Amino acid sequence: MVLDETWISLLLMAAAMMLAGGCRKLTRRLMHTRRPRPRTFLLEMFATFQICACTNELRLLANVQPKPHVALTLTYVFTVLHGLTLTGSTCNPCGTLQQILDSGVSVKQGGLKIGAQFTGAVLARIYVHRIWSMGIIQVHSEALAEGCSNPIQTTETQAFCIELLFSTAFQLTILQIESVKPRLRVHLIALLITMLVYGGGNLTGAIFNPALAFSLHASCFRNKFWDYSLVYWMAPSLGTVLVAIVRGEILPLIL
């Protein structure tokens, strides 16, 4: 990808953030707290849309030179931007599952958020593919023609273990830094995600977010649903359950 195309991709990601931010602001203005469920659904949906739309475009910058420094830097920068602009939203079904297991939200409320997250993921994929179909830059046309990008570059067992391990590490870290100042916490989370992407991005994509995985690789889910569901849905969810068990049952005995 040439430099001009890289700047176009960055502008498209900025546009997606502005679109999602505008929709969230409008939702807060028009939807009163007396109708909390529709308000919660829309805010979570638009937040997940932003992350999924930006990550779909960011994935195309993986081969920009110098590799992988540019991609990792952009991963860190955009993760920080998401953290600063999407306060109050989870954008990850595993994060919502963690809240349910910790009794932070009810099952009904959690189910509403997870539904919103997958809705946002699907809308982001539709939005991105509409943009790509315009053929603004060559890599967009190539991505559309590619279909399933085969993100699993190892055995399914190893891919399952990687997503399980990364989800466990991510969710456990999130819980451990809850008391850290928000602006510092955003950078710590971004650093962790960047490190995980560096460690396992070439093997599974290091996604550990079921909604994001579906948005990025819907074609792969359609072709090999059970394989991809096991790696990108079941493994992260199991990691979240393990975190709840460790935090709720094992750590109190040790400490």
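Q: Which residues of helix α3 are buried?
A: The model is predicted: local features need pLDDT of at least 70, side-chain atom pairs count only at pLDDT 80 or more, and totals for chains, interfaces and linings use all residues. Residues are numbered from 1 along each chain as its sequence is written, and side-chain values use heavy atoms, without hydrogens and water. If buried means under 20% relative accessible area (1.4 Å probe, protein chains only), and helices are DSSP runs (H or I, at least four residues) numbered from the N terminus, the buried residues of α3 are A71, L72, L74, T75, F78, T79, V80 and H82.

Q: How far apart are the end C-alpha atoms of α3?
A: Helix α3 covers residues 69-85, and its 17 residues should span 24 Å, the expected span being 1.5 Å times one less than the number of residues. The computed separation agrees with this, at 24 Å.

Q: Is S229 buried or exposed?
A: S229 lies in helix α11, residues 225-254. Its relative accessible area is 6%, so S229 is buried.

Q: Which residues does S229 touch, not counting residues up to four places away in sequence?
A: Contact here means heavy atoms within 4.5 Å. With those sequence neighbours left out, S229 touches F221 and M234.

Q: Which element gives the most to the lining of the largest cavity?
A: A cavity is a set of 1 Å grid points where a 1.4 Å probe fits but cannot get out, and lining residues have an atom within 4 Å of a point. The largest cavity holds about 80 Å³ of space, and α1 (3-30), α2 (36-58) and α5 (107-133) each give two or more residues to its lining. With four residues, the element that gives the most is α5.

Note on methods: On a 1 Å grid over the protein atoms alone, a cavity is a set of points where a 1.4 Å probe fits but cannot get out, and a pocket is an open set with protein on both sides within 12 Å along at least five of seven lines; lining residues have an atom within 4 Å of a point. Grid points are joined across faces, edges and corners, and a volume is the space filled by probe spheres set on the points. Buried means under 20% relative accessible area, exposed over 50%, partly exposed in between (1.4 Å probe, protein chains only).
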